[in-house]
Amino acid sequence: MGSCKDRERDPQTTFVFVHGPIIVGAGPSGLAASACLSEHGVPSLILEKSDCIASLWQHRTYDRLKLHLPKRYCELPLLGFPEHFPKYPTKHQFISYMEAYASHFSIRPNFIQNVAKAEFDPIRGFWRVQTQEFQYISRWLIVATGENAEPFDPEIVGLDKFNGLVVHSSEYKSGSDFRNQRVLVVGCGNSGMEVSLDLCRHNATPYMVVRNTVHVLPREMFGFSTFGIAMSLLKWLPLRMVDKLLLVMANLVLGNTDHLGLRRPKTGPIELKNITGKTPVLDVGALSHIKSGNIKVVASVKEITKTGAKFMDGQEKEFDSIILATGFRSTVPCWLKSEFFTKEGMPKTPFPDGWKGENGLYTVGFTRRGLLGTASDAIKIAKDIADQWRAINDLSEISVIPISSHLEKSQAT
């Protein structure tokens, strides 16, 4: 949880036994797992490295961010969004929903608890989770730090030589900080597109780097959510057929994006998402600015210079600032000692069975299927642990009853 750096154990460790599961991470995944467990009467303890819930949303998102999907597909289990929220809630509305969710289920994480190490003790049959001051011990460990735990900074030749400002999109708040600047945006995913759009609206000139192929879909088609259309079609049609239909409709709405420098992958958008986790871009206005030339599409960066960048197609341009819209990554391999995860920090077992490992290890929020996947994981995990919880309590009662009966008989005689 957190960066792989500076993970030293304090010699003055205090041991804490946790009766229910330990959950690492107080984002939507951790909150959903805790709420579902409480519904089954199972207590849990959330450890969170920051000072608040949903820290990614609170500290590492830009001001204009809204949910890309309708709220009905982004609800956590057992408590939906308020009815008065719009179809696509804003960042601040989503945060308020998270806070209300935690309050409703009386979820009180232990904040400023950066997990340095977690490993299973096979001799005692417990998980040991080490933070700065404490070692927490439990039968169950739920990894809820998610796919996007920390920003990913790519290695770009010469980046350290650039004289201007270089920031990751996680530090970007508003285009007002870049007014009248020429800005290189490295990355063309949803963040890269939205940052470029926001820069345009503040009179900056964004140059967006497109290194690979990318699926761009309209957020809505014919008045309906594109994601909702896809979910409905998947109930009746094979995945690849749904992908073909989506692309036909997208071309009708958006036109052919290839001539804009946005070449589509050969694999369809849903299939590609399931295989690689690469999310299609849901357009909220950036494409029209690309068509008008307000957002410039440029080739891969060959090298960053003191004043700008050289590109693979031979061009060279000057820039005032660089924004790295290069996404996030999992940090699980930094702290969890387990063969269940890949070196990239994702479960080795593919969806839909990646939620459960061995020896009481669980994962929530690693499905590459957004908050719908999170909700599904949380419900399965809670039921599985609740069954074990009841069995353990039943065994405890059985082992106590004969002793009590024997004492009563002894006293009677």
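A residue is termed buried at under 20% relative accessible area, exposed at over 50% and partly exposed in between, with a 1.4 Å probe and protein chains only. The structure is a predicted model, in which local features need pLDDT of at least 70, side-chain atom pairs count only at pLDDT 80 or more, and totals for chains, interfaces and linings use all residues. Residues are numbered from 1 along each chain as its sequence is written, and side-chain values use heavy atoms, with hydrogens and water left out.

Glu 194 sits in helix 4, residues 190-200. Helices (H or I, at least four residues) and strands (E, at least two) are DSSP runs, numbered from the N terminus. Glu 194 counts as buried because its relative accessibility is 5%. Contact is taken as heavy atoms within 4.5 Å. With neighbours within four places in sequence set aside, Glu 194 contacts Tyr 62, Arg 64, Leu 65, His 68 and Val 284.

Ala 116 is placed in the loop between helix 3 and strand 4 (117-121). Ala 116 has 14% relative accessibility and therefore also counts as buried.

Helix 1 (residues 28-39) packs on helix 3 (residues 91-104). The angle is about 30 degrees, and the axes are 10 Å apart. Axes are lines fitted to C-alpha atoms, for helices over the stretch in contact; angles run from 0 to 180 degrees between N-to-C directions. The two helices are therefore roughly parallel (under 35 degrees; over 145 is roughly antiparallel, 65 to 115 roughly perpendicular, the rest oblique). Pro 28, Leu 31, Ala 32 and Ala 35 of helix 1 meet Phe 94, Met 98, Tyr 101 and Ala 102 of helix 3. The contact residues comprise 8 nonpolar, no polar and no charged. Here Ala, Val, Leu, Ile, Met, Phe, Trp, Tyr, Cys and Pro count as nonpolar, Asp, Glu, Lys and Arg as charged, and the others, Gly among them, as polar.

An open sheet is formed by 3 strands in the order 17-18-19, with antiparallel pairing. Strand 17 (301-304) and strand 19 (316-318) are the edge strands, each pairing on one side only. From one strand to the next, the twist averages 25 degrees. Two strands pair if DSSP finds at least two bridges between them. Strand 17 is joined to strand 18 (residues 308-311) in the antiparallel sense by 3 bridges. Glu 303 has Lys 310 in strand 18 as its bridge partner.
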